[in-house]
Amino acid sequence: MRNLRVGVLVSHNGSNLRALHRSSLEPGARFEIAVVIGNNSEAAGLAYARANRIPTRHLSGATHPDPDALDDAIRAALVEHATEWVVTAGYMKKLGPRTRRQFDSRILNIHPAPLPRFGGIGMFGLRVHEAVLASGVGVTGPTVHLVDGDYDTGRVIAQREVPVLADDTAQTLAARVLEAEHVVLPLVVRQIAAGRRP
Ligand code: GRF
């Protein structure tokens, strides 16, 4: 059986991309990274992809000032690489309507906290973990969800629990949650590649 082709969008670090790529190389994974698209030409995720001979594209407001043209370019790059599923992994931008339509119900995002409680516009980076700590919940953890037209509102596919410790700071919590992201995201993609439709 041929591999499921997954396109990944990144903005900065790309640790989830690396986890996905490592997982794709394990026996029985049945998926491969078809293309990595970054909106930031300096993204470590793009550098990682280039170093691993994965096709890359830098597509952003700098390369395409018109949002519709950018949306078209992202859609076209994904299609050109025969992408079947899309993962936004630390991608700080919203995907445009044409890309969303092309990959309807086949776009996953990873968010570093339970949704919908700790999501929405402005909830990214350490702010998410600060909100978790301020709420006093005892358990947090990453969420994998389908992407729709809004921030963090699509159907939840998987969540993983990470306990909040008494001496946690937003930084220590973020680091533990990120480790859990590196487990749950590849797991979901492996399951989809194995034929389980979320
Ligand atoms: C992760 O915490 C993810 O949940 C959020 O952005 C961060 C990206 O990390 N959407 P990385 O770029 O994959 O290292």
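Trainee: How do I read accessibility here, and what is the relative accessible area of Ser105?

Mentor: Buried means under 20% relative accessible area, exposed means over 50%, and partly exposed is in between (1.4 Å probe, protein chains only). Ser105 comes out at 45%, so it is partly exposed. Keep in mind that this is a predicted model: local features need pLDDT of at least 70, side-chain atom pairs count only at pLDDT 80 or more, and totals for chains, interfaces and linings use all residues. Residues are numbered from 1 along each chain as its sequence is written, and side-chain values use heavy atoms, with hydrogens and water left out.

Trainee: Where does Ser105 lie, and what is its phi?

Mentor: Look in the loop between helix 4 (97-102) and strand 5. Helices (H or I, at least four residues) and strands (E, at least two) are DSSP runs, numbered from the N terminus. Phi of Ser105 is near 60°, a positive value in a non-glycine residue. Asp152 also has a positive phi, near 65°. Asp152 sits in the loop between strand 7 and strand 8 (156-159), and its 12% relative accessibility makes it buried.

Trainee: Which residues does a cis peptide bond join?

Mentor: Leu115 and Pro116, with omega about 5°. You'll find Pro116 in the loop between strand 5 and helix 5 (126-135).

Trainee: How do I read a nonpolar core, and how many residues has the largest one?

Mentor: In soluble globular proteins, nonpolar side chains tend to be buried together. A core here is a set of buried Ala, Val, Leu, Ile, Met, Phe, Trp, Tyr and Cys residues joined through side-chain atoms within 4.5 Å. The largest has 29 residues, and Val8, Phe31, Val36 and Leu108 have the most contacts inside it. Elements supplying at least two residues each include strand 1 (4-10), strand 2 (31-38) and helix 6 (170-193). Helix 6 gives the most, with six residues. A second, separate core of 14 residues includes Ile37, Leu70, Ala73 and Ile74.

Trainee: And pockets? How much space lies in the largest pocket?

Mentor: Rolling a probe the size of a water molecule over the atoms shows where empty space is left. On a 1 Å grid over the protein atoms alone, a pocket is an open set of points where a 1.4 Å probe fits, with protein on both sides within 12 Å along at least five of seven lines; lining residues have an atom within 4 Å of a point. The largest pocket holds about 870 Å³, a volume being the space filled by probe spheres set on the points. It has 36 lining residues, with Gly90, Tyr91, Met92, Ile110 and Phe124 closest to its centre. Helix 1, strand 5, helix 5 and helix 6 each give two or more residues to that lining.

Trainee: Which residues does UniProt list for "binding site"?

Mentor: The unreviewed UniProt entry lists Gly14, Ser15 and Asn16, and the lining of the largest pocket takes in Gly14, Ser15 and Asn16. Such annotations may be inferred rather than shown by experiment. Ser15 is in helix 1 (residues 15-24), and its 8% relative accessible area makes it buried. Asn16, also placed in helix 1, is buried at 6%. Contact means heavy atoms within 4.5 Å. Leaving aside neighbours within four places in sequence, Ser15 is in contact with Leu178 and His182, while contacts of Asn16 on that basis include Ala89, Ile110 and Glu181.
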